[in-house]
Amino acid sequence: MNNFYNLVKKEMKELITWQMILSLVFMVVMFGIMGRFIGGMEEEQKKPVEAAVLNLDKTSISDNFIKNMAQQGNVQMNTIDESTTERALEEAKQREEKILLVVPGGFGKNIEEKRAAELETYSIVKGLSLAGIRGGSLLEIINTMNRQMALNFIQEIAPDKEAKDVMNPIKTREFVVVGDKTVPGNPVMLWSVVISQSIMIPVILMMAIMYSGMMVITSMGMEKENKTLETLLTLPVKRTSIVVGKMVGAAIVALIMTGVYMIGFGYYISSITSGVGEAATATVKELGLVMSSASYLLLGTSFFLAILTALSLSMLLGLFAQDTKSAQTMNLPIVLLVMFPFFVLMFKDVENLPLALKVILYLIPFSHPTIAAKTLIFHNYLPVIGGVAYMALFAVAAIYICARIFNTDKILTARFSFRRVKKRV
Amino acid sequence: MDKAIEVKNLIKDYGNFRAIKGISFQAGKGEIFGLIGPNGAGKTTALRVISTLLQVTLGSIKIFGYDVTREADKVRECISYLPEEAGAYKNLSGKDYLEFMAGFYSKNSEEKKNIVEKGVKIASLDKRIKDKVSTYSKGMTRRLLLARALMINPRLAILDEPTSGLDVINSQQIRRLIKSFAKNGTTVLLSSHNMLEVEFLCDRISLIDKGLILETGSPKELKDKYQVQNIEEVFMEAVK
C-alpha cells in the first residue's frame, strides 16, 4: 500500500506542472469571460427598444397608435419632426438611433375605413452582431398592436360575439404522456429541460476521458523520454502496482482538471440556458423524468468504469509511445472513440438508429454512460446494468493485458512506427 | 565462494537476432565483477536480463540463490540497477527523486530519512539537490542516479557504464565510492568499455564480444596469461 501511495504521489507530482495549471486557469477564465459576455448580451436584449418615430400622417388615430405603442412596455419612442423619410433617416443616423418607424400619410384614414394600413420600419445596421439588430423586438410590438386592433374591429362589427373566439376559432391543449402519466405540456419545452440535464453528463464524461487518457499516455511517454522506465521496473514493487498506480495518479489529476473545467463550463452553460422556465421543470418532475438516487448510483458507476476503461486503453497505447510527442498522437483513437458516440447520441436516441450503428455504439465502451444518462431518466435500468457489466469486463481485460505486457520484454521493446505501417500498406 | 551471481548458459534473443549466445559466469559476495567489451558486445543486454528487465530465452540466472525468472520479485529486493542511459523524473527535485526511490526500500519514515540523507551525501549536489532535475547537467544527473542506486545499500549493485558522461574528477570519486561499497559487503556487477577503469575497479572480469565470453579471470591473471601490459591489450589478443 505504501509503495502504491508512493507511485501515485510521484505520478501526480510529475503531471501537475505550472504549465498545466496555467492552461487550466486560462481555460476557466475564458469560459467566465464568454459567460459574462453572453449574459451581458441577454441583458442588452431585455433593455427597452429605442426607436425614432416620424409621423407623416398627423391624425389623432396615428397619434394614439404611437402613444399606445409606447405604453406596450419594452419600447421608447423618440419623435422626429421632419417632413420627409429621407431627412428623418439622416436625423436618426445623427442621433445614433437603430430603428426608425415611419407612419406614412393616409395611415389614420385606412384604419378608419378598416383597410390595411402600412407602417415602415428602417433598421439602421452598423454591425451584424446580435445586439446590433433590434428590429425584431419592434415588430413583436407591432404584431401585438395589430392583434389588439383586430380584436377591437371584430368587437365593433360583431358586438354579440367573443372577439377572441372569432379571431382564433381553434384552440389546442397539449399533453405529454410518459408511461402511465399524462401531464399538460409541450414536448419541445420538455425536450429542452431534459436535454439540459442529459447534455452536461456526456460533456463532463468526454472531458474526463480525454484528460485522463492524455495524462496516462503522457506519463508513459515521459517515462520513456526521460529514460526512467528501466529503473522503475527493477524496483521491488509489483508490476500491477506500477500499472494501477500510474492509472490512479493520472485519474486523480484528470478528475481535478475536469472538475475545474466543469466549473467554468457550468458557468458558461448556466448563462446561456437560464431561460428554461420553471413551468417546464415542474412538468418534467410531474412526469417522473427525474433520476432517483439508485439511478445516480448507476450513472456514477457507469461514469467511473468509462474512465477506468479509458485509462486502461490509454495505458495499452502508451506502451508503444516513444516520447511525450508520440504519446499525444497515440491519444487520437481514444478521442475519436469518445467523440463518435457523443455526437451521434446528441442528436439521436440509440433505439432509433440502424442496427449496424447500434451495434457499433454498444461495442464502444464510452457510449454507455451517455446512453445511461438518457435511459435512466425513463427509469430503464436493464441496458445501463448491461453497459456497466460490459465496461467492467472491458476494463479488467485491458488492465490484465497491460500487466501482462509490463511483465514481458515488450514494455521496453514495443514500438509503433507510422512509417512501418505505411510501408506495409 | 558464496555465490551472489550465477549465470549458466544464458541465451537472449530479440526476435530472430541472438544477442547473447550462451554465456556463463559467477560472482561472489562483495566482489566487483566487470563485463568488458566493445559497443554491441551484449553487455547491456546481459545486465538487463540479470536485472529482471528482460526475460531469459534459454539458460538460468540466480541472484543470491533466487531465480530471476521464477522469483523476480525476490531478486528485485536484492538488486539496484543503474542503466547506462538512465534519467530521473524531470519535474521532481533531486531530493524528491531520492525520497520517491527511498520509499520503496524503507519500512518507516525514520529509515526513509536515513536513506535519503545518505543519498544526498553521495550525490554531493549541495543546495542544487532541491532544484528540479530538468536543470541539472549530465554529470549532476548521473551523480544523482548513482546516489539513488547506492543509498539503499543494495546486496547487488548492477551498474551499466557507471562513469558514463562524467569528467575525470567525478569519475575518480565514483570509482572510489564503488570500491568502498564493495568493501562494506555490496556485490557490484558493472559493465564498461573503459579498460583502465575496469583494471582499477574490478576483482574479476569477463571479456565479452559478439554475445560470447572470451575470457574470465582477475585483471592480473589475464595480463599474465597473454603476457601484456594492460586489459586493453588482453582484449585485443583475445579477439584475435
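In this predicted model, 24 residues of chain B are in contact with 21 residues of chain A, contact being defined by C-beta atoms, placed from the backbone, that lie within 7 Å. Local features need pLDDT of at least 70, side-chain atom pairs count only at pLDDT 80 or more, and totals for chains, interfaces and linings use all residues. Residues are numbered from 1 along each chain as its sequence is written, with chains lettered from A and ligands numbered from 1 in the order in which they are written.

**The side of chain B that touches chain A**
- Helix H2 (72–78), strand E6 (79–82) and helix H3 (94–102) of chain B are the elements that give two or more residues to this side; helices (H or I, at least four residues) and strands (E, at least two) are DSSP runs, numbered from the N terminus.
- H2(B) gives the most, with three residues.

**Fold of chain B**
- Chain B contains nine helices and 10 strands.
- Its radius of gyration, taken over C-alpha atoms, is 18 Å, close to the 18 Å from the globule rule for 240 residues, so chain B is as compact as a globular protein of that length; the rule is 2.2 Å times the number of residues to the power 0.38.
- The C-alpha trace of chain B spans about 50 × 40 × 35 Å along its principal axes.
- Of contacts in chain B between residues at least 6 apart in sequence, 66% join residues at least 24 apart.

**Confidence**
- Chain B has a mean pLDDT of 92, and 100% of its residues reach 70 or more; pLDDT is the predictor's confidence in each residue, from 0 to 100.
- The model scores ipTM 0.91 and pTM 0.73.

Notes: Two residues are in contact if their C-beta atoms, placed from the backbone, lie within 7 Å.
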